[in-house]
Amino acid sequence: MLALFEDAGYIVGSYVITFAAIGGLAWRLISSGRKLGKQIPDDDKYWT
Amino acid sequence: MTTLDPADTSSNDAGDDLVAEARRTPATKATRTIGILTAVAMAFTLLWAFVFTGPDVNQGESVRLMLIHLPTIWVAYLSFTVTALASGTYLFTKKHSLGWDRLAGASAEVGVIFVGLTLIVGALWGRLTWGVFWQWDARLTTTALLFVTYIGYLAVRRLDGSHHQRAKRSGVIGLIAVLLIPLVHWSVRIWRSLHQEATILDTDLDADIDGILLTGVLVGVIAFSLLYVWLVLHRTRVMAMEDLLDDRGLDLALAERRAEAGTAARPTGEDA
Amino acid sequence: MLRTAWLIARKDLRGEVRSRGVTNQVLPFAGVTMIIFGFALDANTDVLELVAPGLVWLATMFSLLLLVQRTFDVESADGALDAMRVAGGDARASFLGMAIGRAVQRFVPESLLLLAAVVLYAETIPLDGAVLLVTTLISATCGLTAVGTLYGGLAAGSKGRETLLPLLTLPAVAPVLIGATRAVESALGTGTATSSDGWQWVGLLTVFAVAFGVGGALAFGPLIDE
């Protein structure tokens, strides 16, 4: 039984690490995007 | 990262329009759509991982890790291939458009993160199945080599120089480093080793994997690929803004220096 | 173009003979490295005999970094431009010339290192083993210097290149490390390697050297052209 729980720790941990990393990355991208977006006129942004 | 003083853009009523103009973020309808699709696909992946997939005969519960482990290395391969293609396009087209360089850089950043994740999840999985976090077998060693090589690529991008110098230098590295991917993938075949042989990208087309698990992995691959697109789109746009600010900063510095040179030419009698 | 490359190589070598940098700095460094390995690994002869091929190539790699940095520092961008002028603007010739010059400079320390390892740790070398050794030496060295010249040129003149060069170069030459070590092992008969395995590794080393030689020559132009 205990072995099962240990396993679960590794498995869940892996998922948590992966999604935390992705979430963190996405968060940093969005916030730096917002910060920089305020400093550049929209005309210079090629996606607008 | 250079920044401009926001006070420059709005100090009076007429300036309010300027601020209102400079509000748009890198998010567009396209990225929002992709973002939502990504989130949905990720939810499905989790569903598959923890509800639909049953424990494996040999691997037990740890087989659930396949639903993120395979997609992460797949995204890494994809990223580095895109980096190489973008690098080549920058280097070999006449226009030498920096947009390609930024694509290469953004893609490589995402790739490095995903190789890192692959190694971490792989280590945890290895601890479960083999009892050790690391083995110096062919697949792991070459993957670690891949990781370090692209860290070198990112370091080259941070050397000082113009944007075009950055593009040229990293472009060369990007083209060379991509050759590691076939090495990693077939390392298991070249050196018979501990790590499982390729299951899905096996060129013998003999996928030896349970149906539900296979579907789950494909869902994961789709989810992570969408994530890749979203991340790269955002990152290239942020990079474009950073480059613009770099150029602006340079222009400002030059203008300041010219202004100083102009005032210095006039003699000041203040310390007489 | 080959003749221009040879001219540049000779210029490099002449400069080297005059300054004696290899004998004064690089060779001692390689020697010291070998000795330090002995300390680190507890100087147990059995262990050293097993890992001797690997150690030789490790010492080679580290001194390669020294050599590349030294050459590009001493010359700096001016040196590369000099080479370009001699070559009449043909970057490929200057790359090849520099690489060949360096490769020749490397043969001496590497041969001595190998000799030292053989004398100290292995008993006999069969004849085909000797041929394998020499071929390994040549193919590995060419690959190493091609990579070193390319990356040295890439980083030349930029701040932070001292730390960048090892980070870039060592992963890139890892295949040479593997191939050369295995080939030397099979030549010396240590471990379980056979002679035929050794020749396969030499094949890999040759492919590597050719790939980086050609790729480096093509890429050198845009890189120093700043």
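Mentor: pLDDT is the predictor's confidence in each residue, from 0 to 100. Keep that in mind, as this is a predicted model.

Trainee: What is the mean pLDDT of chain B?

Mentor: The mean is 82 for chain B, and 81% of its residues reach 70 or more.

Trainee: Which stretches of chain B have a pLDDT under 50, or below 50?

Mentor: Residues 1–19 of chain B stay under 50 throughout. The model gives that stretch 19 contacts beyond four places in sequence. Residues 202–207 of chain B are also below 50, with 5 contacts beyond near neighbours in sequence.

Trainee: Why should predicted coordinates not be read in detail in some places?

Mentor: Because the pLDDT there is low.

Trainee: Now a single residue. Why is A:S14 called buried?

Mentor: Count its neighbours. The cut-off for buried is 20 or more other C-beta atoms within 10 Å. A:S14 has 23 C-beta neighbours inside 10 Å, so A:S14 counts as buried.

Trainee: Where does A:S14 lie, and what does it touch?

Mentor: A:S14 sits in helix α1 of chain A, residues 2–37. Leaving out residues up to four places away in sequence, A:S14 touches B:L65, B:I68, B:V121 and B:L124.

Trainee: How many residues of chain A and chain B are in contact?

Mentor: 28 residues of chain A meet 34 residues of chain B. The chain A side has 14 nonpolar, 8 polar and 6 charged residues.

Trainee: How do you know that C:E185 counts as buried?

Mentor: Use the cut-off again: 20 or more within 10 Å. C:E185 has 22 C-beta neighbours inside 10 Å, so C:E185 counts as buried. C:E185 is part of helix α6 of chain C, residues 161–188.

Trainee: How many residues apart in sequence are C:E185 and C:A52, and how many Å apart in space?

Mentor: They are 133 residues apart in sequence. From C-alpha to C-alpha, the gap between C:E185 and C:A52 is 8.5 Å.

Trainee: What makes up the secondary structure of chain B?

Mentor: Chain B has 8 helices and 0 strands. Its pattern along the sequence is α-α-α-α-α-α-α-α. Of its 272 residues, 40% count as buried.

Trainee: What is the count for chain C?

Mentor: 7 helices and 0 strands. Of the 226 residues of chain C, 46% count as buried. Take the contacts in chain C with a separation of 6 or more: 83% of them link residues 24 or more positions apart. In chain B, the figure is 76%.

Trainee: How do you know what span is expected for helix α3 of chain B?

Mentor: Helix α3 of chain B covers residues 66–92, which is 27 residues. The rule takes one less than the number of residues, times 1.5 Å. For this helix, 39 Å is expected. The helix reaches 38 Å from its first C-alpha to its last, close to that value.

Trainee: What makes α3(B) mostly covered?

Mentor: 21 of its 27 residues are buried.

Trainee: Which elements of chain B give two or more residues to the side that touches chain C?

Mentor: Start with the interface: 15 residues of chain B are in contact with 15 residues of chain C. The elements are α5 (138–157) and α6 (163–177) of chain B. α5(B) gives the most, with 6 residues. By class, this side of chain B has 8 nonpolar, 4 polar and 3 charged residues.

Conventions:
Residues numbered from 1 in each chain as written. Chains lettered and ligands numbered in written order. Predicted model: local features only at pLDDT ≥ 70, side-chain atom pairs only at ≥ 80, totals over all residues. Contact = placed C-beta atoms within 7 Å. Nonpolar A, V, L, I, M, F, W, Y, C, P; charged D, E, K, R; others polar. Helix = DSSP H or I, 4+ residues; strand = E, 2+ residues; numbered from the N terminus. Buried ≥ 20, exposed ≤ 12 C-beta atoms within 10 Å, placed from the backbone.
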